[in-house]
Amino acid sequence: PKIQLVAALTAGTEETVEVVLAPGAVIRGLVTDREGAALEGADVTAYTPGRAFGLDDKNVRRGVTDAEGAFELTGLPEGSVIVRADATDWLQSGRDLELDLGPGEVREGVTIALSRGGKISGQVVDADGAPVATLAGRSDVEPGIWTWLVPNGDTVAYCTLGFTGEG
């Protein structure tokens, strides 16, 4: 894209600037369960990747799936865009979908499959068996990996547990 810089303007003068807008890209697709059934009400987010391990990613567009699990995200920038889906009681899409979009490109047929989530609750105890904190966790990463934020007095600890089986 061309950038026109206006160096300096004095009061009462005008400068004509031409602004040409490029058409945004479009992504259309479905969010389903692992068997292919549509998931209504799933949040779908497109973002551009940052450089700091996801800490500076920039959300570009958000959408919600309809009764058929369909979504459409419009006005997307050209280049690398990552798409992620999330729904209540479902695991966030395990692997982000990275797409390389051209200017004004319409990408059809994108499918994101989610797995059923689960919940664990319990109590954290110290070495003597005394309660430390209430524990509630949720697997947002992938099946079998559960992470909790556990307050412990003035400190906060992260606890990760791997397991097998259905949640």
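**Strands, core and surface of a predicted model**

Me: Where is V17 found?

Reply: V17 lies in the segment before β1. Strands here are DSSP runs of E, at least two residues, and helices are runs of H or I, at least four residues, numbered from the N terminus.

Me: What should I know about the model and numbering before going on?

Reply: It is a predicted model, where local features need pLDDT of at least 70, side-chain atom pairs count only at pLDDT 80 or more, and totals for chains, interfaces and linings use all residues. Residues are numbered from 1 along each chain as its sequence is written, and side-chain values use heavy atoms, with hydrogens and water left out.

Me: Back to V17. Buried, partly exposed or exposed?

Reply: V17 counts as partly exposed because its relative accessibility is 43%. The cut-offs: buried is under 20% relative accessible area, exposed is over 50%, partly exposed is in between (1.4 Å probe, protein chains only).

Me: Which residues form a nonpolar patch with V17?

Reply: V19 and L21. Together the three have about 340 Å² of accessible area. That area is Shrake-Rupley with a 1.4 Å probe, and for residues only the protein chains shown count as cover.

Me: What makes a patch?

Reply: Patch residues have over 30% relative accessible area and no salt bridge; like charges are joined within 9 Å, nonpolar side chains (Val, Leu, Ile, Met, Phe, Trp, Tyr) within 5 Å. A salt bridge puts a side-chain nitrogen of Lys or Arg within 4 Å of a carboxyl oxygen of Asp or Glu.

Me: Zoom out. How many helices and strands?

Reply: Zero helices and eleven strands. The chain has 167 residues, and 26% of them are buried.

Me: Now β1. Which strands pair with it?

Reply: β1 (residues 25-33) pairs with β4 (residues 70-76) in the antiparallel sense, over five bridges. With β7 (residues 106-114), the sense is parallel, over seven bridges. Pairing takes at least two DSSP bridges between the strands.

Me: How many β1 residues are buried?

Reply: Seven of nine. T32, in β1, counts as buried because its relative accessibility is 8%. Beyond four places in sequence, T32 touches A37, A38, L39, T111, I112, A113 and L114. Contact means heavy atoms within 4.5 Å.

Me: Which residues have the most contacts inside the largest nonpolar core?

Reply: I27, V31, L76 and L114, in a core of 21 residues. β1, β2 (43-48), β4, β5, β6 (97-101) and β7 each supply at least two of its residues. A nonpolar core is a set of buried Ala, Val, Leu, Ile, Met, Phe, Trp, Tyr and Cys residues joined through side-chain atoms within 4.5 Å.

Me: What does I27 touch?

Reply: Leaving out neighbours within four places in sequence, its contacts include F71, L73, L76, V83 and V110.

Me: Switching to K58. Buried or exposed?

Reply: K58 is exposed, because its relative accessible area is 56%. K58 is in β3 (residues 58-64). Y47 is eleven residues away in sequence and 5.3 Å away, C-alpha to C-alpha. Past four places in sequence, K58 contacts A46, Y47 and T48.

Me: And G79, which residues does that contact?

Reply: L99, D100 and L101, leaving aside neighbours within four places in sequence. G79 is in β5 (residues 79-86). G79 and L101 are 22 residues apart in sequence, and 5.0 Å apart from C-alpha to C-alpha.
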